[in-house]
Structures are given as C-alpha cells and as structure tokens.
Amino acid sequence: MTEEIIIAGFGGQGVLSMGKILCYSGVMQGQEVNWMPSYGPKMRGGTANVTVILSDERISSPILNSFDTAILLNQQSLDKFEPAVKPGGTLLYDSNGISRHPERKDINIYRADGAGEAAKMETTKTFNMIMLGAYLKINPIVKLDNVTKGLKKSLPPRYYHLIPLNKKAIKRGLEIVKEIRKV
Amino acid sequence: MAKVKGAIVVDFEKCKGCEICVVSCPADVIEMTKEVNAKGYHFAYAAKPDDCTGCANCAIVCPDGVITVYKIKIVVEKIA
Amino acid sequence: MEEFQLMKGNEAVAEAAIRAGVDGYFGYPITPQSEVMEYLMAAKPHERTGMVVLQAESEVAAINMLYGGAGAGKKVMTSSSSPGISLMQEGLSYIAGAELPCLVVNVVRGGPGLGTIQPSQCDYNQATKGGGHGDYHLIVLAPASVQEMADFVTVCFDLAFKYRNPTLILSDGAIGQMMEKVKFAEQKPRLTKAPKWATTGKTPDRERNIHTSLDLDPSRHEKFNEKLIRKYKEIEEKEVRYEKILCDDAEYLFVAYGTSSRICQKSIQLAREGGIKVGLFRPITLWPYPKKEIRAMTNQIKGILTVEMSAGQMIEDVLLSVEGKVKVAHYGRTGGMIPTPEEIVEALKQKISGG
Amino acid sequence: MAETSSSNDIVREENLVYAKTKVLTDNVMHYCPGCGHGTTHRLVAEVIEELGIQSDTIGVAPVGCSVLMYNYMDIDMQEAAHGRAPALATAIKRLLPEKYVFTYQGDGDLAAIGTSETIHACNRGENFTIIFINNGIYGMTGGQMAPTTLPNMKTSTSPYGRDVKMMGNPLKMTELVATLPGTCFVTRQSVHSPANVRKARKAIKKAFEYQNLKQGISFVEIVSNCSSGWKMTPLQSNEWMVENMFPFYPLGDIKIPEVQVEQKEGDVLHNSLNQIDKDSKQVKY
C-alpha cells in the first residue's frame, strides 16, 4: 500500500503540521514515510503545501505530479491541485471561502466544513486536526491510537496538554465529513 | 674594583649587513667589514673589542639573530 | 536499539554529526540548510559531547576555521548552500593542498549567482572537478534519503581521515527539507588522541608539525602534486560506491543521483507499466565516479538517460564512462525546478527508447 | 691598569649573556636586511622559550612577507590563506583551549583582505594573540599601497603619493580593535632600537600571558620598516619610520586589563591562571 497525499492551504492553517502528524502516525505503525514541504520565505497567509507519502515499501520520488489524495484548504489550492488528483483518487476540501467548487467527475469528492467547526471549538487551531479526522474517516490509513502517539511525538512536552483537544477535533472531523460525489 | 667586559661573536655568513647593530652600540664597538660574505654583504664585526661591555644591545636589535654576546666581570688591580 | 525518528535531512546531518563525535562545526546561515546549525545550537552538543559549534562571520571564515581545526587533528565540519559553498572554495583548495580532513555539506539550490532557494543539482561540476584552484579532488557523496544524510556523515569522516582529504556531501534543498524516518548510530566518542600530524604543540620527542600548501620550489611542488595524484588514483580504485535498481533485465538505464534518482524510481515504475524495461544506476560517490561500473552496463543496455536538476553536468562523466558504446542523452530542469516522474518517462521515450 | 682576560677568555659558555633562542630554527630568514620581521620572529620565539610553552604553542602564519614564518619557528604552525589567520586560530584555540595560539599577520593580511576575520575574532573575544606587523606597504608583492600606507606616501600603486581623496585613508586597526569588548590587551610597539625591542618583548610576553585571563584577544602591533618597499637603506628606513610613521601610529599601550598576570620566579603559568580565574569576576574594562 502506498498513499500519496498533497495537503495545501494558507500558511498558518497548520498544513505542514497536519502532514507531520500523519507521517508520525505512519512511523508508529511501522510504515515508510516522506514529508516534502514547499519551503522558503512563506508568510502567514501565503500558500503552503506539503507532500506526504505513507507506504509499506521503500518510497521512491518525494516529488510528485499526481496524488492519490488532495486535502485542499483554500481556493488557490483547490484550483492548483484539483487537476493533480489521480483518476479514481480522492479530493477533500474545506468549503470556507470557496466560490468555485471541485468539478471533476472522475474522482471522489468530500467536503468538511472544518473552519466553521473549528470556530465553534475552543480554538481555531484545531482546524487542521478536524480536517485530518475528516480524511481518516474517508481513508483510515492510520489507526487513531497511532495518531495519538504521532501527536505526542511531534509536539514538544509543553504542548501535551493540548492532546485531548486535538483528539476531540479529530473525532469532530470524523463526524462532519460529507460525501459529495463518489466514482 | 670590578669592571664589566664583553665580547661579541658574529655569525658573519648569516649577517645581512643592515648596520642596525652599529648604531645601537653605545660604545661604538661595531663596524662593517670592507670584504663581503658569501651572500655579498659587508658584515658586522667588533672593530674595537676592548670597548665592548656585553650590553647585548647589538644582539637584541639584530633582525637575523646572528650576534652572540658574552660578558665577564673582571677585577682591575691597582699597581702600587 | 533506538527507534526511528522523523526528521528533516538537515536536522539528520546535525544529529549525526553529534553522534559521530564531531569536534567542531563552523557555519554561516543560508537557505535551504539553516536547520543544520539551528538544530546543533538547540541540541547543546557542548554539553552532550563537548562539541564546539560556532556561527562564523562568513562562509570564508567558516571554511578557514575548518582549516585550522582540521590542522589541529580534529573532526571538523560545516554546511552551506551553493553561494556559500562558492565562497568556501578558497579554503577547500588550501585544505586539500595541506592534506587535511574535513566534511562540507552542500545543500544545493538553483544558480547561478544568488539564484533561487529551491532544490537543484547545478553544483555537480564544482563539487566533482575540484571547485577551487589547483589539481585536487574532494571525495563527494550524494545521499538520496534522510537516512543517508545521517549515515554519510560518518562515512565521510572515515574517508577524510583515511586519505587526509576534504569530503563533501552533495545534497539539495529537497533532501535537506524533507522529513523521513531515520535511525541514528550509537554515540561515538570524540577524538581524544590527536593524529601524529596534528598541530597540538611540538613536543621534544618529535619534529614540528607544519600545515601549508605553499612550496616555492616548483620541482618539489610537482613531486607533491604527483603524490596527490597517486592518492586520488587509490581512492578511485577503492572507494567507488553506487546502487543499481531494477537493472537485471533493463534495456535502458537512468543514471541519476540524489533527489533525481528518487524521482527516477517513480519513473521506472511508470515506464515499466508502459512496457519499457528501464533500470536505475545511482552513483553514490560522485567523485570517485563509478566509471567502470557504468561502462559494464553497456553490454546489456541500448541507451542511457541521465536525469539531473541541471543543464547537464554529470552527463559528461557518463559519456566518458561509456566511451561511445551506447547513446547517452540528458534530461533535466534548472533554476530550482524539479522534473516530475512523468516528464522523465516522456524524455526517455523521446530521446532514447522511442515510442 | 692591566686586563686580566682577553676576548678569547670571555667567549665561553659560562659567560654567555645573549644567544639566539632554540625556539628559532637555524634556517636563514629570507627577509631583507634590517627588516623588523626577523626581530619580531625572534621576540616571539624568545617569549615562547622564556614561558616554557614551546610544546603548547601553535602559530598561524599569514600570506605576505612572513608567509614562510613556519620555516623559522621551531613550533607547530599552520599556514593560512591570505587574511584568514584569525579564523584558523579561532578554531584551533576553541578546539585546543589549553594551548597557546597566536597569529602573525602583516598589514595587507590583517587590515585589508582579513579585516572581517580580524574584527570578528576580536569582537567575539577569542583567547589568542595577534602579532600585527605594520610597515605601511605590501612588501611581498613588491611595494604596493597597503591600507596602512600614510597619506602622501609613495608606493608602486600610489606613485604620486597616497591621495586620500582618491585612495581612501589609512586604517588604524589597532585603535579600532581596542574599542571592541572582545579585546583584552592592545598595544603598539616597534623593534628598531634596543630600548624599543625590550619594550616590544615585554608586550609580546604579556600578550601570551594574557591568553590565560580568558578575557579576549591580546593584540600587539609592531610598527616596522620596509627598506626595500620604501626604497631606502635599513638605517634610513628606521629614521623615516620614526619621523613619519610614529606620529601617525603612536607607540604605547592602548588598552590594558586591570588584572595583571603575576610573574614570580619559577611560577607555572597555569598557577597564575587559576588565580586569575578566581579574580576574573572583578575585572573591568
């Protein structure tokens, strides 16, 4: 099994850390992982994206043109990466601020109103974990226990108190994801 | 009564004839030779060795460290 | 046994350096490798092993700090990216000329000039053909994964001390910035006993140790150069490293190193799905270059595509290796652009395999 | 009056008052006649001998006339790239903190191409010694203008004299580094006369001892002559130096640490080092 994922959105939305937690979760269950960020002087509010690969085999290219799954968190990212989803692949997006929704007919499309849900929680920083939860509902590639372990590995101990909140957000994501179209 | 008396030995093949020792000697002991060494330099020598006090001024200003200095205290006896 | 960690290539180099018992790191910040010194400063290696970490005033100063530290018999290293590595060429030439060991990590970005900060392989010629003035070589290793970024630190120091020669890890922004699983070796102690050539103070039982690259007598200096040439020959004979992937039945060959070799592995998958039997030859040592091994492949294959994130630099070494036996073409992107697996397959079809 | 001894009687081992130090090799120095480099090399070597630190000293030679210094000093040495000696010395001292480390640099090396390395090593407060020979000219390459060349001074690249409007002003590196918190002892000396040699020797000795204060760089400038570059006889060059260089580069200590290294007969330096470490909290600059 190899899952090639692109996560893209505004800088500050937690795109890179969502990828990192996903990778750590993969490490926890003995998988090969690769996390390849767009890097450089990315400002808060600029665009950020990260390629995440989880596989049971040695991972080949960290640089990809097409993806099994795209998790897209703003219009720019949707416009850029919708065409990059492999036919039969999965596109998950957050509908907040989206004026042009995904149009492809040959891919599975899911929507989660993560930003809206995050606003209802204690902090909007839970946004990325809600979207991670939504993704794991669609494709449970990593077990939830391993996500918890991954969270613990990726967070410095001073943030351990935030783990329950993050778990809550992931659970919320599992609940709110909506299937728009399935191939 | 004691008197200090010195002597210098110049490694003349290594002397480059800069003459800094000549002007540094308070007793005007040192002069330059008329002949030259293998490198073609006139070299320093003690022209008035009896006047040397062994103060070592010449040696400590010598850029090439070619001067060695010796010194003794000698007793001068009055001849009755 | 220690568990896997998830780390950026840059961070892995730093942690590996501490574990390898490196005595001194001297560096200057530049994207995309600043995490190396940031990690080192945060990891407090002076408490863990006594390792010295110093932010120098420039790359020029940093490489000359390596020159000093290497002369003192210590394991010293720096890291930088392309423009900074250019500034270090002076010091590298001196270190090679004085026959001293050190490690330089180049996390390459697009050039020329200030270029871009995105990954590139445009420093191949600089790394493998000398780089600075004079007839000399660096021993150059090209990692293709975060694990190799870590592992090659130790490999390079072993080679550097064995041959008294500077070594270079030629990486790029992709490998520096990406995170993968990495397992580190056990902590090695730092060098406690200085090599006999080290400038540690002349004791009465030995002659003074002098490190210099200067000799005003050309005939003597020629003899010294001949000694270097013999050393480089020996390295070429003994230290070549490479990896072959899916070569057994290959009719065509990708030759690629580092990031592009990773991309080529995906391309192989795509090409084989389309019926083209292609394999990958990945040089790990870029100098010494695996010439014999690539030449040996020419009995089996019909053509080679070198894939480089450059205008085509390594292709010259491939051409020299195959001596005209098979067709060799190049595909690459420049300026920090990265070729995609699909592009590479397309290039293979157009330039080599047809169809 | 009658002498009781002749010159032959005096030249005996037991009467020796001055001989070349063993820390200098027997190689003939390549310097021009009367050049201050030779004298300064000797002083550094004598100080190393006097302090008994030959087996604990590492020197770094520059590029310039003194590039071959390692041929003359019987100590471990490294030859730096032009201007980079302070970078080498920084690493050597940090990796071998118990050793004595010094650089020996000319004015082109230290004050032109190596300004950055010099200033940053001084500003970081590295604990080594810099011996800086300032003769206002590039000697090795044939008498070109140096950063320290005096206004109106003629050199091969300022053949009508240094026009400061066109060529910039002479750089007083020694005053400059004295302003940095990372320097501990900064002084300017010369070696053209016996009295000056004695002072310079003391200064160099202090500069080595002050490494034990761990309060930063000890920096000794030697204003020197360059008879070849200045196109004079050695004696003329010394006179010219006194008349022209000294007014612009006045001799004397510019910065001294308040705590002095105590030197008693037979004292091991490291003993005084321990004392200094105890006192160092009270040191003010």
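In the predicted model, C:Glu293 lies in helix α12 (residues 291–297) of chain C. Helices (H or I, at least four residues) and strands (E, at least two) are DSSP runs, numbered from the N terminus. C:Glu293 is partly exposed, with a relative accessible area of 23%; buried means under 20%, exposed over 50%, and partly exposed in between (1.4 Å probe, protein chains only). Leaving aside residues up to four places away in sequence, C:Glu293 touches C:Val240, C:Tyr242 and C:Phe281, where contact means heavy atoms within 4.5 Å. Its C-alpha atom is separated by 32 Å from that of C:Ala98, 195 residues apart along the chain.

The model is predicted, local features need pLDDT of at least 70, and side-chain atom pairs count only at pLDDT 80 or more, whereas totals for chains, interfaces and linings use all residues. Residues are numbered from 1 along each chain as its sequence is written, chains are lettered from A and ligands numbered from 1 in the order in which they are written, and side-chain values use heavy atoms, with hydrogens and water left out.

C:Tyr232 lies in helix α10 (residues 218–238) of chain C. C:Tyr232 is buried, with a relative accessible area of 5%. Not counting residues up to four places away in sequence, C:Tyr232 is in contact with C:Asp135, C:Tyr136, C:His137, C:Asn165 and C:Trp287. Between C:Tyr232 and C:Phe4, 228 residues apart along the chain, the C-alpha separation is 37 Å.

The largest nonpolar core holds 145 residues, of which C:Phe26, C:Phe254, C:Ile304 and C:Leu305 touch the most other members. Such a core is a set of buried Ala, Val, Leu, Ile, Met, Phe, Trp, Tyr and Cys residues joined through side-chain atoms within 4.5 Å. Helix α8 (residues 146–163) of chain C gives the largest share of this core, ten residues. Domain 1 (3–194 + 226–238) and domain 2 (243–353) of chain C both contribute residues, so the core lies between them; the domain bounds come from an automatic or database domain assignment. Apart from this core lies another, of 63 residues, among them B:Ile30, B:Ile60, D:Met73 and D:Phe102. In soluble globular proteins, nonpolar side chains tend to be buried together. Within chain C, the residues touched by C:Ile304 include C:Leu253, C:Val255, C:Ile294 and C:Val318, not counting residues up to four places away in sequence.

Chain B has two helices and four strands, which follow the pattern β-α-β-β-α-β along the sequence. The C-alpha trace of chain B spans about 50 × 20 × 20 Å along its principal axes. Of the 80 residues in chain B, 50% are buried. Among contacts in chain B with a separation of 6 or more, 61% are between residues 24 or more positions apart.

Chain D has eleven helices and ten strands. Of its 285 residues, 59% are buried. In chain D, 68% of the contacts between residues at least 6 apart in sequence join residues at least 24 apart.

Three pairs of chains are in contact, and chains C and D share the most contacts. Chain A and chain B do not touch, and their nearest C-alpha atoms are 58 Å apart. Chain A and chain D are likewise joined by no contact, with their closest C-alpha atoms 28 Å apart.
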